[in-house]
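Here is a short briefing on how two protein chains come together. Have a look at the model first, then read on.

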Number of protein chains: 2
Amino acid sequence: MYNQTVSNSTSKNVVKMRCVSCKEEYQDSDAGTCKECYEEASETEEELKREIDELKSKVSFLSSWSPFDDHHHHLSSSSSSSSFFSDVLLVATDDESPPVPANKAVLVSRSPVFKAMLETEMEESRSGTIKISDVSYNVLRSFIHYLYTAEVPLTEPMACDLLVLAERYQVKHLKSYCEKFMTSKVNGENAIVSFAFANQHNAKHLLEASLSVVMDNMDKLTKQDDYKDLVEKDPRLVVGIYEAYLAKQVNTAAASSK
Amino acid sequence: MYNQTVSNSTSKNVVKMRCVSCKEEYQDSDAGTCKECYEEASETEEELKREIDELKSKVSFLSSWSPFDDHHHHLSSSSSSSSFFSDVLLVATDDESPPVPANKAVLVSRSPVFKAMLETEMEESRSGTIKISDVSYNVLRSFIHYLYTAEVPLTEPMACDLLVLAERYQVKHLKSYCEKFMTSKVNGENAIVSFAFANQHNAKHLLEASLSVVMDNMDKLTKQDDYKDLVEKDPRLVVGIYEAYLAKQVNTAAASSK
């Protein structure tokens with residue numbers, strides 16, 4: 001039952017109300033919205049959810065086919081590869097893996113590098129084969145799948161490899177997808193390696209996130225092997241860490257003296 | 001200023017609070033949520049908006065190229081058509097319009113009818129040309145643009161023509177896009193025509209919406225030319241209107257007698 005209680009013993013008047021959302025009782029000092037605003041907010045939420053459903057259906061309409069869709073599993077069989085109308089092959093040159101079929105129109109539309117390659121009289125456009133070095137078959141497969149569907153399951157090594165490939169072929173959407181994933185995985189263990197990786201591949205958000213974690217663990221910094229490796233390989237970057245740390249200390253001191 | 005006022009003259013205790021959303025004062029009887037739920041709801045809204053942004057960016061990534069993108073405006077010039085890597089032509093047979101270039105892989109992925117046409121040894125797959133009758137060049141162009149981008153600007157006649165084409169080629173996503181638009185445009189003037197159209201093309205939502213508007217205007221029904229035409233062309237459908245109207249009257253009577 002809904003109970004209104006007024007205690008006039010103190011200077012504050014305590015009226016208990018019931019929240020229309022969580023159904024719990026609360027006091028006037030913990031009041032949130034009026035009823036009208038609550039109803040408006042609920043409507044807004046419904047509208048946003050409808051918009052999400054519409055956008056999801058658009059994504060599924062536009063990404064409805066890929067060289068790795070279920071019904072194209074057996075790419076080597078003649079019927080499937082003909083139904084896919086592929087006009088270009090991608091080959092990972094590092095292993096003895098089968099070529100990955102694709103459509104020039106898709107590659108050109110997703111990557112300015114493929115566009116330059118295939119629209120001009122380059123080796124790739126004549127031969128219909130694009131050789132990709134320093135990449136495994138699995139990473140190449142995931143890369144192509146992403147170009148067709150804007151989706152791919154990630155693990156940390158896969159995100160790392162795909163980010164490098166996305167940067168090489170200027171597929172911004174995939175690069176930020178991987179960067180977001182890697183940023184969510186930064187911790188005390190991998191912060192130094194992430195920081196160096198982010199610096200090498202111009203991944204700004206990952207750089208900031210990993211630098212922030214490195215600075216939260218300065219007491220352990222010099223004891224880590226990753227730190228020693230970085231001093232060896234890229235001492236300027238280590239200087240960058242110390243400079244950021246010093247600037248933070250100066251700022252904190254200035255703020256606390258105010 | 002925030003004022004709390006208690007009037008103990010009545011049995012109700014009136015405490016005025018300020019809504020954190022609209023900043024207006026309200027009484028405890030108009031209370032909506034507690035502060036905690038308000039904050040949660042705000043967070044949810046932020047999350048939904050972020051999800052919308054991500055989905056929009058996916059849609060734009062996946063729909064980044066179409067035969068009618070700005071940089072492919074002059075499809076007849078050799079450089080553009082080569083950069084588009086088209087492997088099939090669509091021709092509107094009703095007018096002397098230029099053929100519309102497209103990619104088999106896209107057509108096959110969006111329409112089961114094109115899939116059947118192009119994956120088997122039919123005339124279209126051999127010739128690389130798909131003839132489409134009963135359609136203008138403009139409608140065909142919009143149809144193809146939609147297959148590549150999931151977007152197209154609609155007018156009422158265009159929505160009508162595209163719905164018919166979408167039904168013919170089983171492009172469900174486009175059909176419901178057009179149906180939604182047409183449903184939003186149903187009014188007293190066009191309800192009978194919309195109802196007949198919806199019935200002919202199995203558009204359930206449009207059928208319900210237009211039948212409902214027809215039933216709201218029964219007093220003027222028999223005076224309309226569209227009604228007379230429909231009696232002439234499809235009297236069974238007119239019987240459907242009367243049956244629905246009768247059922248509604250019976251229901252209303254039953255509800256009010258309770």
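The contact, meaning heavy atoms within 4.5 Å, draws 63 residues from chain A and 63 residues from chain B. This is a predicted model, in which local features need pLDDT of at least 70 and side-chain atom pairs count only at pLDDT 80 or more, while totals for chains, interfaces and linings use all residues. Residues are numbered from 1 along each chain as its sequence is written, chains are lettered from A and ligands numbered from 1 in the order in which they are written, and side-chain values use heavy atoms, with hydrogens and water left out.

**The interface**

- Together the two chains bury about 5400 Å², with 67% of that on carbon and sulfur atoms; buried area is the accessible area (1.4 Å probe) that two parts lose on being put together, summed over both.
- Phe61(A), Leu62(A) and Phe85(A) supply 14% of the area that chain A buries against chain B, more than any other three residues.

**Polar and charged pairs**

- Across the interface there are 17 residue pairs in polar contact (both at pLDDT 80 or more), a polar contact being a pair of N or O atoms within 3.5 Å, where within protein one must be able to donate a hydrogen and the other to accept it, and residues adjacent in sequence count only if both atoms are side-chain atoms.
- On the side of chain A that touches chain B, α1(A) gives the most, with 17 residues; helices here are DSSP runs (H or I, at least four residues) and strands are runs of E (at least two), numbered from the N terminus.
- Between chain A and chain B the count is 6 salt bridges, each a side-chain nitrogen of Lys or Arg within 4 Å of a carboxyl oxygen of Asp or Glu.
- One salt bridge pairs Lys56(A) with Glu51(B) (3.6 Å, N to O).
- Another links Lys180(B) and Glu54(A) (2.5 Å, N to O). Lys180(B) sits in helix α8 (residues 172–184) of chain B and Glu54(A) in helix α1 of chain A, so this pair joins two chains.
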